[in-house]
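Subject: Structure for you to look at

Hello,

Here is the structure I said I would pass on. Please open it first, then read the notes below it.

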Amino acid sequence: MKRDDKMKLNVAVIGAGAMGTAISQSIAKNVNKLFLYARKEEICNEINSKHYNTHYYPNLKLKDNIIGINDFSKLNQVKVIFLCIPSSTVRELTTELNKVISNDCIIITTAKGLESTTNKRMTEIIEEITKRPAVALSGPNIASEMAKNLSTATTIACSDENYLKIVERILKTKKFKVNSNTDVIGTEFCGVIKNVLAISQGICEGLDINDNARFALFTKSYNETKDLIELLGGNRDTVDDYCGFGDIITASTLSVSRNHTLGVLYGQGIVVDEKSSGILFEGKNTAIILKKLCEKNNFESLTVNFVYDIIVNKNNAKLSFNNFWDGL
């Protein structure tokens, strides 16, 4: 694909939340039309009439070629679709999309999680339904910064290198750096495991653990991530890329991470009722699945055990920290 050709592409983003809106704003100048799907009709109307999505970015005027849609009928026109939705909805929405989109439409997922019923990664679900490769996008990507066109870097992974070239040219700008690889397993599991590391570091913060100890644990967690990804079929070196180290640091140290916040609350002895709060914490489901995967593969992860004991078993956080520390 020549550089001028990408202006002729029609692209869609499914999910008009913080990330979906941010990605739309970032790539709109690289494509012809950008269809932004929102479940709520009022969001679509606001995007089309005022070029704003005030539910998430009240002060950000969206690019003129961003078109809000509330159904999938126009998506047979698009070449590329970004799924910016929770992992729990990927199967359902991909199934609906597959009834409409063309047979060569490229699907990119930004969700970082595993399906609770099958333990499948997001690209595995998409490939099962569409019968073609999917692309994983993962990195230290804070949506609010992307929306403001601040400097950002990410990793994309797919088994089809031609897909990677197309997606990279859509995403890449002077402010948006993109690394690509074919290690889909490693790239996705980086985004999955980082949820647990973020909770782990949040718990330590909530317990007011001293920095020396916190980052000693973090070192152990980072090395365990490499070992676990290699065990699961990925490349351990992938953990050193944006999808690994960059995303892990972001989620584990910044308050913008929901999973880090969840860990802080549990460290302070505050149990979060996710159903009542309406907030989805990917890390809790991830800890349950990773615990099973570790047991299945006879791999002991002190980090997974630490988070599982506190978030799932509701064990005393300080005692669990002591167990983690004693295991170093």
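How many helices and strands does the chain have? There are 14 helices and eight strands. Keep in mind that this is a predicted model.

Start with the overall form. The radius of gyration is 20 Å, close to the 20 Å that the globule rule gives for 328 residues, so the chain is as compact as a globular protein of that length. Along the principal axes, the C-alpha trace spans about 60 × 40 × 35 Å. Of the 328 residues, 55% count as buried. If you take the contacts between residues at least 6 apart in sequence, 68% of them join residues at least 24 apart.

Next, the sheet. Strands of a sheet pair through backbone hydrogen bonds, either parallel or antiparallel. Here eight strands form an open sheet with mixed pairing, in the order E3-E2-E1-E4-E5-E6-E7-E8. Strand E3 (66–69) and strand E8 (176–181) are at the edges; each has a single partner strand, so one side of each is left without a neighbour in the sheet. On average, neighbouring strands of this sheet are turned by 25° against each other, direction ignored.

Helix H4 (residues 122–130) lies across strands E4 (80–83), E5 (106–109) and E6 (135–138), and runs at about 155° to E5. Helix H9 (residues 242–253) has 12 residues and reaches 15 Å from its first C-alpha to its last, close to the 16 Å expected at 1.5 Å a residue. Among the buried residues of H9 are Cys 243, Asp 247 and Ile 248. The elements that cover the buried residues of H9 include strands E6 and E7 (152–157), as well as helices H7 (184–206), H8 (211–231) and H10 (258–267).

Last, one residue. Asp 183 sits in the loop between E8 and H7. Is Asp 183 buried or exposed? Its relative accessible area is 14%, and buried means under 20%, so Asp 183 counts as buried. Leaving aside neighbours within four places in sequence, Asp 183 is in contact with Ala 157, Gly 234, Asn 235 and Thr 238. Thr 238 is 55 residues away along the chain, with 7.5 Å between the two C-alpha atoms. The side chains of Asp 183 and Thr 238 are joined by a polar contact of 2.5 Å. The side chain of Asp 183 also reaches the backbone nitrogen of Gly 186, at 3.0 Å.

Regards

Definitions and conventions:
Residues numbered from 1 in each chain as written. Predicted model: local features only at pLDDT ≥ 70, side-chain atom pairs only at ≥ 80, totals over all residues. Heavy atoms only, no water. Pairing = 2+ DSSP bridges. Helix = DSSP H or I, 4+ residues; strand = E, 2+ residues; numbered from the N terminus. Axes fitted to C-alpha atoms, helices over the stretch in contact; angles between N-to-C directions. Contact = heavy atoms within 4.5 Å. Expected span 1.5 Å × (residues − 1). Buried < 20%, exposed > 50% of the residue type's maximum accessible area, 1.4 Å probe, protein only. Polar contact = N/O pair within 3.5 Å; in protein donor to acceptor, adjacent residues only side chain to side chain. Rg over C-alpha atoms; globule rule 2.2 N^0.38 Å.
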